[in-house]
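Please look over the sequence and the model shown here before reading on.

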Amino acid sequence: MDNMFVLIDLLVAGFGVYILYGWYLMAKKGEVKENLVLPKDTNMKRCKDREGYIACIQPKLLVFGIATTVCGAIGVINDFTGLMGNLYLVVTVIFLIFVIWFGIAVRNAAKKYF
């Protein structure tokens, strides 16, 4: 068990929980955590259709939050047990695919709504 990997996996899992919190705020209160769902130097005040943007990005944020939390949790479990061995590389690749997918989704939504 390498302490650096444990720390990274805990950070990933914690960030996943933060993403889910951002989704909750968006879904229940209509609040947008700009640092989660907007490209750098983009302000929500310039959005042409706030409700449309929220409807577009909200389900993607939920999927990304769940994937991030699960991948981080699997990483922590693997760090302490070593059950997955080299198969954990597959989890890491899946996580990176979700990161790229979400980044593209945010960029495309920003082009459409800003």
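## Cysteines and disulfides

A disulfide is taken here to be a pair of cysteine sulfur atoms within 2.5 Å. The structure is a predicted model, and a search of the whole of it finds zero disulfides. Cys47 is accordingly in no disulfide: the nearest cysteine sulfur belongs to Cys56 and is 10 Å away.

Are Cys47 and Cys71 buried or exposed? Residues under 20% relative accessible area count as buried. Cys47 is buried because its relative accessible area is 14%. Cys71 is likewise buried because its relative accessibility is 9%.

## Overall architecture

The secondary structure of the protein chain consists of four helices and zero strands. Read from the N terminus, the order of its elements is α-α-α-α. Along the principal axes, the C-alpha atoms of the chain fill a box of roughly 50 × 25 × 20 Å.

The protein chain has 114 residues, and 38% of them count as buried. Its accessible surface amounts to about 7100 Å², with 67% of that area belonging to carbon and sulfur atoms. Among the contacts between residues at least 6 apart in sequence, 69% join residues at least 24 apart.

## The largest pocket

How much space lies in the largest pocket? The figure is about 270 Å³. Its lining is made up of 14 residues, and those nearest the centre of the pocket are Phe5, Asp9, Asp79, Tyr88 and Thr92.

Three helices each supply at least two residues of this lining: helix H1 (3–29), helix H3 (50–81) and helix H4 (88–113). By residue class, the lining divides into eight nonpolar, three polar and three charged residues.

Ile74 lies in helix H3. It counts as partly exposed because its relative accessibility is 28%, which falls between the 20% limit for buried residues and the 50% limit for exposed ones. Which residues does Ile74 contact, leaving aside its neighbours within four places in sequence? They are Met84, Tyr88 and Val91. Ile74 and Val91 are 17 residues apart along the chain, and their C-alpha atoms are separated by 8.0 Å.

Asn78 also has its place in helix H3. Asn78 is buried because its relative accessible area is 11%. With neighbours within four places in sequence left aside, Asn78 is in contact with Leu83, Met84, Gly85 and Tyr88.

Where is Lys33 placed? This residue is in the loop between H1 and helix H2 (34–37). Lys33 is partly exposed because its relative accessible area is 26%.

Not counting residues up to four places away in sequence, Lys33 touches Tyr18, Tyr21, Gly22 and Leu25.

Technical notes
Residues are numbered from 1 along each chain as its sequence is written. This is a predicted model: local features need pLDDT of at least 70, side-chain atom pairs count only at pLDDT 80 or more; totals for chains, interfaces and linings use all residues. Side-chain values use heavy atoms; hydrogens and water are left out. On a 1 Å grid over the protein atoms alone, a cavity is a set of points where a 1.4 Å probe fits but cannot get out, and a pocket is an open set with protein on both sides within 12 Å along at least five of seven lines; lining residues have an atom within 4 Å of a point. Grid points are joined across faces, edges and corners, and a volume is the space filled by probe spheres set on the points. Ala, Val, Leu, Ile, Met, Phe, Trp, Tyr, Cys and Pro count as nonpolar, Asp, Glu, Lys and Arg as charged, and the others, Gly among them, as polar. Buried means under 20% relative accessible area, exposed over 50%, partly exposed in between (1.4 Å probe, protein chains only). Contact means heavy atoms within 4.5 Å. Accessible areas come from the Shrake-Rupley method with a 1.4 Å probe; for residues, only the protein chains shown count as cover.
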